[in-house]
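Trainee: I'm new to this one. Could we take a close look at a single part?

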Amino acid sequence: MSGAPGTFLLTFDVELIWGVFFDARWRRRALAHFGAVREVFPRLLGTLARHDVRATFAFVGHLFLGSCARVDGRTHPEMVRPVHRHFPGDWYAFDPGTDVARDPLFYAPDLVRLVREARPLHEIGAHGFSHAFLDTDRDLARAEMRAAAEAARAAGVAARSFVYPRNLVGFPEELAGAGFTHYREAGAGGSREMPPRRGPLARAARLAARLLGAGPPVGLPRRVGPVVEVPASVPILPASGARRLVPNAVRVAEVRRGLARARDRGAVFHLWTHPHNFVGGTEKSLAFLDRALGLVSAARERGEVRVATMSEVAP
Ligand SMILES: [Zn+2]
């Protein structure tokens, strides 16, 4: 472990269709959009390898499975069903109860394997079991945490880090019982609603305002009962739609400021994103990541930051 003052973290929340299956608008384009994650994924790992940067991959627990089945018409009958306003039906109604060959957006043991075989060694954590929101129902939260950990374990992964779906933190004291030691804090903008349908220009303007602001937040890990809360800084957003108008130089400058703040304050600068954020505007987003990790690598060589995964940070 280096004595660098700052810490850099990068986390990928891997969801495929689980983040949006309940939204008909998304389901129509899901195969094209989330199917392309499998093309982007090896390139993300390649970019990490080029800069020798380790990351945390938090998989929706169901993605650890290679298959599942219907029992009396329902999948996972043992699971607690969430009651969410935006989806009043059976939360597992769209779970096909098949396998990765037939429904590759619901299962992803191949992506888990890619991460496990990649070098440098990355961390694999969990992002709920079914991407239900876990901030209001303790029984649901406990069931999701345990099912996610169990699915990971069956795939040979001891998951230590947990990322809450939509960054809606709830019942973190239940995490320890499922074997988790760390979770990512509730990010600004964590929301149970689907993102507002802002126009693309409004979204680009919001991103520009963020990038031109005082600099990304950095923070310190803190102990919450038996587990550690890991600060989150800012998401890496897609470079598609009007957001493509924001030059990479501006995005890279935000990373430079985040690294400097982490160094100056002895704090954690934690970027997080989804592999599907690299679908659409792929070349530009990968070029951004390449430059950002180049800065990380240089800061590490200067002794200003160390690169860690989520379960490696300590208060
Ligand atoms: Zn299933």
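Trainee: Which residues are buried in helix 4?

Mentor: First, the ground rules. This is a predicted model, where local features need pLDDT of at least 70, side-chain atom pairs count only at pLDDT 80 or more, and totals for chains, interfaces and linings use all residues. Residues are numbered from 1 along each chain as its sequence is written.

Now, your helix. Helices here are DSSP runs of H or I with at least four residues, strands are runs of E with at least two, and both are numbered from the N terminus. The buried residues of helix 4 are Leu 140, Ala 141, Ala 143, Glu 144, Met 145, Ala 147, Ala 148, Ala 149, Ala 151 and Ala 152. "Buried" means 20 or more other C-beta atoms within 10 Å of a residue's own, with C-beta atoms placed from the backbone; 12 or fewer is exposed, and in between is partly exposed.

What sits over them? The cover includes strand 5 (123-126) and strand 6 (161-162), going by contacts, meaning C-beta atoms, placed from the backbone, within 7 Å.

The length checks out too: helix 4 runs over residues 138-154, and its 17 residues should span 24 Å at 1.5 Å a residue, which agrees with end C-alpha atoms 24 Å apart. That expected span is 1.5 Å times one less than the number of residues. Just past the helix, Gly 156 has a positive phi of about 85°.

Thr 56 is buried, with 27 other C-beta atoms within 10 Å. Beyond its neighbours within four places in sequence, its contacts include Glu 123, Gly 125 and Ser 161.

How values were computed. Contact = placed C-beta atoms within 7 Å.
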